[in-house]
Amino acid sequence: MESLEAELKRARDLDVASLADAIEDIGFECTRCGACCTSEAEDPHTATVFPDEVREVQETTEYDWRDVARPMPYGLTENSDGNVEGETFEWALQTDSCGDCTFYTEDDDGVGACSVHGSRPLICQTYPFSVALSGTSQPMGEAVDESGIVRAHECEGLGRDITRDDAEELAAALKERAVRELEEAIGVRDNYDPDAAASEPVVVHDSEGAKRPDGTRTE
């Protein structure tokens with residue numbers, strides 16, 4: 001397996017035009033169905049968000065950190081007292097009582113929308129696509145289509161015509177996401193504090209260090 005640094009170099013060398021070619025080949029148009037923003041029993045909504053993306057949404061909305069993000073549930077367990085404990089390595093967008101993204105809304109006709117669309121994280125900007133690089137995320141299960149290094153995941157908008165301008169915009173965001181995911185992974189590795197979990201019931205290790213669920217540092 002390539003090192004994270006080697007994969008990061010590959011990500012930085014990705015050609016946006018080639019990614020756009022692949023996206024055009026697969027085809028995509030968002031139908032605003034909301035499937036990528038909502039949760040199912042066997043497929044909980046766990047959209048990854050970077051620390052600076054949390055702050056960007058905070059600045060746009062004046063929400064608290066906990067309103068925007070929550071510790072990624074993988075690695076956390078519920079103890080005998082019903083309290084959650086453990087350590088995890090990512091942040092996920094906050095969800096409502098139904099398990100849907102807290103920023104997802106629907107109009108009277110059931111058409112979905114994002115209430116922070118202008119500040120939405122890269123994972124949301126680029127769904128349902130990913131790139132086949134180690135250390136990058138593969139959202140919502142196995143790929144259902146592919147073209148070159150680009151993978152497409154389950155979405156009813158796949159196979160639809162997309163303009164070249166839209167394909168290039170999506171491709172640029174996809175490259176940025178791949179770079180950012182690998183930079184984050186390297187930062188998590190380099191700033192991991194194995195002693196942090198001893199002082200807090202829940203610890204999130206991100207590229208900036210160990211944090212509590214409210215986004216403050218454990219130090």
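Arg32 lies in the loop between H2 and E1, where helices (H or I, at least four residues) and strands (E, at least two) are DSSP runs numbered from the N terminus. The model is predicted: local features need pLDDT of at least 70, side-chain atom pairs count only at pLDDT 80 or more, and totals for chains, interfaces and linings use all residues. Residues are numbered from 1 along each chain as its sequence is written, and side-chain values use heavy atoms, with hydrogens and water left out.

**Backbone geometry**

- Most residues other than glycine have a negative phi, and most peptide bonds are trans.
- Arg32, although not a glycine, has a positive phi of about 60°.
- Arg32 counts as partly exposed at 44% relative accessibility; buried means under 20% relative accessible area, exposed over 50%, and partly exposed in between (1.4 Å probe, protein chains only).
- Glu62 is not a glycine either, and its phi is positive at about 65°.
- The loop between helix H3 (51-61) and helix H4 (65-68) holds Glu62, which counts as exposed at 72% relative accessibility.
- Tyr127 and Pro128 are joined by a cis peptide bond with omega of about 15°.
- Pro128 sits in the loop between helix H5 (122-126) and strand E8 (129-131).

- Glu29 is placed in the loop between helix H2 (16-26) and strand E1 (48-49).
- Its relative accessible area is 43%, so Glu29 is partly exposed.
- On the surface, Glu29 gathers with Asp161, Asp165, Asp166 and Glu169 in a patch of negative charge.
- Such a patch is made of residues with over 30% relative accessible area and no salt bridge, with like charges joined within 9 Å.
- A salt bridge here is a side-chain nitrogen of Lys or Arg within 4 Å of a carboxyl oxygen of Asp or Glu.
- Asp and Glu count as negative, while His and the chain ends are not counted; the place of a charge is taken as CG of Asp or CD of Glu.
- Not counting residues up to four places away in sequence, Glu29 touches Gly157, Arg160 and Asp161, contact being heavy atoms within 4.5 Å.
- The C-alpha atoms of Glu29 and Glu208 are separated by 35 Å, and the two residues are 179 residues apart along the chain.

**Glu7**

- Helix H1 (residues 4-12) contains Glu7.
- Glu7 counts as buried because its relative accessibility is 2%.
- Leaving aside neighbours within four places in sequence, Glu7 is in contact with Glu2, Leu133, Ser134 and Leu182.

Methods: Patch = residues over 30% accessible without salt bridge, like charges linked within 9 Å, V, L, I, M, F, W, Y side chains within 5 Å. Areas by Shrake-Rupley, 256 points an atom, 1.4 Å probe, with all protein chains shown as cover.
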